[in-house]
Amino acid sequence: MRWQTDFLVIGSGIAGLSFALKAGNHGKVIVATKKSSVESSTNFAQGGIAAVTDLEQDNFESHIRDTLEAGCYLNDLEVVEMVVKEAPERVRELIEIGVEFERNENGSFNLGLEGGHSRRRILHVADFTGAAIERALVDACEKHPNVTIIEDAMAIDLITTRRLKLSQKEDECIGAYIFDKKSGNISTYLANVTVLATGGCGQIYLYTTNPSISTGDGIAMAYRIGARVKDLEFVQFHPTTLYDQNGSSFLISEAVRGEGGVLMTISEYEDFIKSGEKDPTKFSFMKNYDERGSLATRDIVARAVDRELKRSGDKYVYLYLLHLDSEKIKERFPHIYNTCLEYGIDITKQPIPVVPAAHYMVGGVAVNKNGQVIQRDDPHQVINRLYAIGEVAATGLHGANRLASNSLLESVVFSHRSYLDSIKYLENPVEMPLEEMPLWDATKYKPIDEKVLLKHDFDEIRRLMWKYVGIVRSDLRLQRAIRRLNLLEEDISHYYWNYILNEDLIELRNIILVARLIVEASIERKQNIGLFYNIDNEKNKK
């Protein structure tokens, strides 16, 4: 089947829905989402959104400096200044659609503190801010007459004029092929504007805080049509996820450390209990890694935890909260408190066992300040009518390491700027008639008779990436990873071009490509900085 719309948004997180809500005032919007409309990385975001709202205690310059320091000054300064200064207005818009950020009795925002921030500036809704924002956006979009959300719809590939050899003009994205998971049908969507808001790629790793849908789809689709990708070596591992021997990875927000949580090894915790000392920070290994202790940025904390675990052989470290007011902990972190209880842990009476897990892709599809996707062959040119916003995009905001709670902020700022830029294409719509858009030809493919092989490849990729391309890397591990990934990519390509598509095969094709791109970027990076650390880079200096 063929469908036509003004705006095609692929993904339904904070970035995609924010764009759709505004673009709907100018034309018809279709939002295609892989799962249900509320399943996204936004929905999993506990901490909050960073913005300067208390001008007596905070200022733009401080937020800019914190962002640059966290990113090791590999950030794009113009982008950092732009995002930070536009933040208050975007927060005001979220409040207008119904997001009720927590306030103090006097009406001021109850601002949180997180690692890397020098001031309290994190707006939050208890410890489920992302879910609150997502719910408000979904409700607003469902009420908008021009916005249609299509669930269980997976984008397979983008459609461009260059790939279809339809035009000698500059390359344009004119839509996408979308797979309906329920029916198995593949439809052609023609759009004046296409927006990638597909989120991250955490499922490439064995342990991740990301939802199951985070398989790098947007990065892979953009790369296949000639988009530039950058900074893929900078994968952020969250240092504190609940340890579970069954492998689940429940996020323990950075805000917990912001409110006074202290990291300790098992032996340090035992020594602390025996000592009768009141101050747990005196027993924390983090004091050996950074003067900020447990409030250091995520890259430093994750590497420190990784090193301590390898040194001790323990399976986890502890996050200690027992020195804090138990009622305040329950009030500030109800979701974390109740979820830990389900695992048999009362965080007001027991320390939380935590381990690192893949959390956020700092790099992604290269875009300009309006979210337009940049061409790989010519970084001065964009792929017209195509935008990338949210975690899928590499905007230059984060540099070598994302500062906590800057991601939701980045999403709303760039969705707004992309919306403003994209409406120009409505004045010059796609010239191709809908009836001439090519349909997906599935007649030459045969059914997959051994789906277990796809599951096996998926599991092998995730384990390989965790072992060889994790928090700490080496030349040997990276070379071993690229050799194995190349072989797997050949097998997966064979499946893709010979068998009828299903959900697993679509995701597997994307996962293997993005995994390879991460390894290639890691091999090219010869400097240890931010989130990237290769032990051989240190050896080569000597």
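Predicted model: local features only at pLDDT ≥ 70, side-chain atom pairs only at ≥ 80, totals over all residues.

Q: Why would residues three or four places apart point the same way?

A: An α-helix has 3.6 residues a turn, so residues spaced like that end up pointing the same way.

Q: How many residues does H14 have, and how far does it reach?

A: H14 runs over residues 475–498, which is 24 residues. From first C-alpha to last it reaches 35 Å, close to the 34 Å expected at 1.5 Å a residue.

Q: Switching topic: which residues have the most contacts inside the largest nonpolar core?

A: Those are Leu158, Leu196, Ile204, Tyr205, Ile461, Met465 and Ile518, in a core of 78 residues. H15 supplies the largest share of this core, with 12 residues.

Q: What does isoleucine 518 touch, leaving out residues up to four places away in sequence?

A: With those left out, Ile518 touches Cys201, Ile204, Tyr205, Leu232, Glu233, Val235, Met361, Met465 and Val469.

Q: And what's in the second core?

A: That one is separate and has 49 residues, including Ala51, Met82, Val193 and Leu408.

Q: Let's move on to H11. Which of its residues are buried?

A: H11 covers residues 334–342, and Ile336, Tyr337, Thr339 and Cys340 are buried there. Among what covers them are strand S10 (235–242), helix H7 (254–258) and helix H10 (326–332).

Q: Now zoom out. How many helices and strands are in the chain?

A: The chain has 16 helices and 17 strands. Its C-alpha trace spans about 75 × 55 × 45 Å along the principal axes.

Q: How does the radius of gyration sit against a compact globule?

A: It agrees: a compact globule of 542 residues would come out near 24 Å, and the chain has 23 Å.

Q: How much of the chain counts as buried?

A: 60% of the 542 residues do.

Q: Last one: among contacts between residues at least 6 apart in sequence, what share join residues at least 24 apart?

A: In this chain, 75% of them do.

Definitions and conventions
Residues numbered from 1 in each chain as written. Heavy atoms only, no water. Helix = DSSP H or I, 4+ residues; strand = E, 2+ residues; numbered from the N terminus. Expected span 1.5 Å × (residues − 1). Core = buried A, V, L, I, M, F, W, Y, C linked by side-chain atoms within 4.5 Å. Buried < 20%, exposed > 50% of the residue type's maximum accessible area, 1.4 Å probe, protein only. Contact = heavy atoms within 4.5 Å. Rg over C-alpha atoms; globule rule 2.2 N^0.38 Å.
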